[in-house]
Amino acid sequence: AAKSSNLKRLALTSIKVDGIERAAPVDQVKAAYLAAGVDATFAASGWGKKLASKQKRAALDDFGRFKVMCARIQKGKKV
């Protein structure tokens, strides 16, 4: 079933999946998506790296945040 989505939540990228025809079934779209390696391509992009970094920092505990703070202070002292 088709879903409507708010245009503010959509973002276009240069990643393309070829070989999908109009009104293709879900399994065909999924197979083409996996064959194109869209997830790996996105993860290698700058946007994907930025998202991964945000997720990694959000998962830190208190001591991890402390270590990041100390590393930033040391980096600032070197400059």
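Biologist: Is D62 buried or exposed?

Modeller: This is a predicted model, where local features need pLDDT of at least 70, side-chain atom pairs count only at pLDDT 80 or more, and totals for chains, interfaces and linings use all residues. Residues are numbered from 1 along each chain as its sequence is written, and side-chain values use heavy atoms, with hydrogens and water left out. Buried means under 20% relative accessible area, exposed over 50%, and partly exposed in between (1.4 Å probe, protein chains only). The relative accessible area of D62 is 60%, so D62 is exposed.

Biologist: Which residue forms a salt bridge with D62?

Modeller: A salt bridge needs a side-chain nitrogen of Lys or Arg within 4 Å of a carboxyl oxygen of Asp or Glu. The structure holds one. Its closest N and O atoms are 3.8 Å apart, and the partner of D62 is R65.

Biologist: Why are D62 and R65 separated by about one helical turn?

Modeller: Helices are DSSP runs (H or I, at least four residues), and strands are E runs of at least two, numbered from the N terminus. R65 counts as partly exposed, at 46% relative accessibility. D62 and R65 are about one helical turn apart because they sit three residues apart in helix α4.

Biologist: Which residues form a nonpolar patch on the surface?

Modeller: Patches take residues with over 30% relative accessible area and no salt bridge; like charges are joined within 9 Å, nonpolar side chains (Val, Leu, Ile, Met, Phe, Trp, Tyr) within 5 Å. M69 lies in helix α4, residues 62–78, and counts as partly exposed at 43% relative accessibility. Areas come from the Shrake-Rupley method with a 1.4 Å probe; for residues, only the protein chains shown count as cover. With about 410 Å² of accessible area together, the patch members are F63, F66, M69 and I73.

Biologist: Is V38 buried or exposed?

Modeller: V38 has its place in helix α2, residues 38–44. Its C-alpha atom is separated by 19 Å from that of Q55, 17 residues along the chain. At 12% relative accessibility, V38 counts as buried.

Biologist: What is the radius of gyration of the protein?

Modeller: The elements run α-α-α-α from the N terminus on. The globule rule gives 12 Å for 79 residues, and the protein is well over that, so it is more spread out than a compact globule. The radius is taken over C-alpha atoms, and the rule is 2.2 Å times the number of residues to the power 0.38. The radius of gyration is 19 Å.
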